[in-house]
Amino acid sequence: MATEYFDVIIIGAGLSGIGAACHLKKDCPQKTFAILEGRQAIGGTWDLFRYPGIRSDSDMFTLGYEFKPWTKRKGIADGADIRDYIREAATEHQIEPHIRFSQTVKAARYDSQKARWTLDVKQQDGTVKQYQCHFLMSCTGYYSYEEGFTPEFAGKEEFSGDVIHPQQWPENYDYENKKVVVIGSGATAVTLVPAMTDKAAHVTMLQRSPSYVITVPQQDVMVTALRKLLPEKWAYRIIRGRNVSITLGIYRFCKGFPQAARKFLQWTVKKQLPRGFDLSHFKPKYNPWDERLCAVPDGDMFKAIQQGKASVVTDHIDRFNEKGILLKSGKQLEADTIITATGLKVQMLGNMDVSIDGQPFVPNQSMSYRGVMFENLPNMAMVFGYTNASWTLKADLISRFVCRLLNHMEATGKQQVVPINDNPNIEKRPFIDMQSGYISRIREQLPKQGSIRPWKLYQNYFLDMSLLRLASLDDPALEYSSPESAPHHASEQQPSQSMP
Ligand SMILES: Cc1cc2nc3c(=O)[nH]c(=O)nc-3n(C[C@H](O)[C@H](O)[C@H](O)COP(=O)(O)OP(=O)(O)OC[C@H]3O[C@@H](n4cnc5c(N)ncnc54)[C@H](O)[C@@H]3O)c2cc1C
């Protein structure tokens with residue numbers, strides 16, 4: 001079987017993979033590369049999720065790429081517009097010819113004698129094809145595309161209506177005049193609830209415990225004004241900088257003054273709810289930003305409650321029954337459709353089996369190097385965005401760092417780079433410092449971060465910007481080498497060379 005070789009292989013054609021490819025094309029034009037995508041479309045998350053109202057909950061001035069201004073009116077954008085934006089970026093940078101669709105990477109094996117990765121890639125017909133590369137970038141997101149997370153609900157088979165997980169939304173699903181119950185209180189639930197009030201008879205959000213919900217403007221007056229005064233690129237940069245500062249400021253305030261933040265958030269919610277509404281539905285037990293804040297554009301969820309089209313129930317599910325859901329309190333919730341907005345199945349590295357010289361790589365035994373590479377894992381980076389701000393802010397920084405690293409290796413004639421920690425006193429900490437259910441469920445499988453640089457992760461764009469853009473690549477924590485049997489310069493190979 002012929003094996004194709006590229007200098008760099010990017011896995012995933014979502015927001016991160018397309019962004020990485022654009023950076024690579026610009027900063028490392030001499031490198032050959034391919035994107036291997038398991039699905040048949042560009043866009044990842046923004047192509048997969050099709051439930052009513054699907055939208056970002058962070059603004060597109062920070063969720064957009066640093067190199068491509070977001071030009072639409074709405075800052076909180078619809079899923080379809082984000083999908084178009086990613087496709088547009090791919091077209092503008094001539095990325096499409098580099099994408100191989102229906103290529104699911106199952107295993108990645110690194111050979112340190114040759115400084116080379118070999119990938120086992122499942123084809124649409126079930127056969128396996130091999131690819132090889134010098135450097136691997138995992139842009140596979142953080143959850144399984146196969147199915148979402150649904151807890152076991154007793155009596156599910158007795159329910160006479162439809163049970164739908166938002167990740168597998170049936171095309172053109174008709175919910176006109178239906179009584180809808182949305183189970184969950186996260187970002188997806190607070191999006192679905194107001195969106196479905198357009199046709200549903202009533203929508204109930206059933207939550208086990210409340211989340212913090214914050215109203216954000218869908219459109220921004222400053223954006224309109226700046227766009228009139230300044231060239232698009234400048235306006236984008238200014239708004240982006242301002243929004244990063246606001247998000248970081250809110251995060252810092254919440255972490256530093258949790259009681260004051262709690263009071264403030266609850267005050268903003270109270271103002272938007274009808275008189276006499278039971279506010280305990282919006283009083284979480286945890287502190288703000290121990291879990292992600294749920295954003296609602298222009299308070300659409302509160303408006304739906306005001307209009308009597310939506311309601312909130314805080315209770316535990318006893319079981320499903322024919323007519324809907326029986327709650328632990330003894331109350332019956334009637335439903336024609338139940339939506340299980342109960343989360344994602346988190347997974348790392350696209351569920352690939354990764355090994356080095358025949359030894360399996362176990363992510364939870366490894367620390368992240370600057371949030372870019374893994375301890376003891378050569379020639380590989382993983383793009384993983386911020387959890388307290390827009391994903392792409394960090395994704396852009398990681399991709400640029402990788403390009404700098406590749407150029408540094410090229411310039412110094414090195415074939416291999418591996419982050420090594422020789423400080424036994426570093427304390428290993430969780431990779432993601434949040435209590436959200438989907439993170440807690442898999443915390444033990446996630447990699448770690450360290451207590452000090454360069455192993456510590458900062459949820460701070462401005463700090464990362466200086467650390468990742470300016471950090472010396474002659475870092476003692478990076479071990480460079482050139483194995484004798486490695487080809488002298490990987491990039492001297494012909495583009496997409498087939499090897500017997
Ligand atoms: C409903 C929803 C809303 C969100 N809203 C926001 C938001 O407002 N702001 C924010 O910052 N973040 C948000 N996120 C997080 C979001 O996932 C990121 O913003 C961003 O889309 C991640 O892009 P990505 O390319 O890294 O991953 P993804 O979008 O998940 O794309 C990964 C791609 O890799 C492919 N892939 C995975 N494994 C393999 C494999 N083994 N082989 C081949 N291909 C593979 C997948 O098919 C997919 O195309 C949201 C997530 C969800 C689910």
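Start with the nonpolar surface patch: Phe253, Phe257, Phe264 and Trp267 make one of about 440 Å². A patch here takes residues with over 30% relative accessible area and no salt bridge, joining like charges within 9 Å and nonpolar side chains (Val, Leu, Ile, Met, Phe, Trp, Tyr) within 5 Å. Accessible areas come from the Shrake-Rupley method with a 1.4 Å probe, and for residues only the protein chains shown count as cover. Trp267 lies in helix 8, residues 258–272. Helices (H or I, at least four residues) and strands (E, at least two) are DSSP runs, numbered from the N terminus. Trp267 counts as partly exposed because its relative accessibility is 47%; buried means under 20%, exposed over 50%, and partly exposed lies in between.

A word on the source. This is a predicted model, in which local features need pLDDT of at least 70 and side-chain atom pairs count only at pLDDT 80 or more, while totals for chains, interfaces and linings use all residues. Residues are numbered from 1 along each chain as its sequence is written, and side-chain values use heavy atoms, with hydrogens and water left out.

Now the domains. The assignment, which is an automatic or database one, gives domain 1 as 4–145 + 346–489 and domain 2 as 150–342. Their C-alpha centres lie 30 Å apart. To the contact, meaning heavy atoms within 4.5 Å, domain 1 brings 43 residues and domain 2 brings 39 residues.

How much area do domain 1 and domain 2 bury between them? About 3,500 Å², with 54% of it on carbon and sulfur atoms. Buried area is the accessible area (1.4 Å probe) that two parts lose on being put together, summed over both. On the domain 1 side, Tyr51, Pro52 and Phe61 lose the most area to domain 2, together 20% of what that side buries. The rule finds two salt bridges across this interface; it asks for a side-chain nitrogen of Lys or Arg within 4 Å of a carboxyl oxygen of Asp or Glu. Elsewhere on the list of pairs, the side chains of Asp57 and Arg292 form a salt bridge at 3.7 Å, N to O.

Next, two single residues. Ser144 sits in the loop between strand 6 (128–138) and strand 7. Ser144 is buried, because its relative accessible area is 8%. Neighbours within four places in sequence aside, Ser144 is in contact with Gln167, Lys345 and Gln347.

Val163 belongs to strand 7, residues 162–164. With a relative accessible area of 30%, Val163 is partly exposed. Not counting residues up to four places away in sequence, Val163 touches Lys156, Phe320, Ile338 and Thr340. From Val163 to Glu484, 321 residues apart along the chain, the C-alpha separation is 58 Å.

Last, the backbone. Most residues other than glycine have a negative phi, and most peptide bonds are trans. Which peptide bond is cis? The one from Arg453 to Pro454, with omega near 0°. Pro454 lies in the loop between strand 24 (448–450) and helix 12 (461–470).

Positive phi values occur at Ala115, near 50°, and at Trp289, about 70°. Ala115 is in the loop between strand 4 (104–111) and strand 5 (116–122), and is buried at 2% relative accessible area. Trp289 is in the loop between helix 8 and strand 11 (294–297); at 7%, Trp289 is buried too.

Conventions. Buried means under 20% relative accessible area, exposed over 50%, partly exposed in between (1.4 Å probe, protein chains only).
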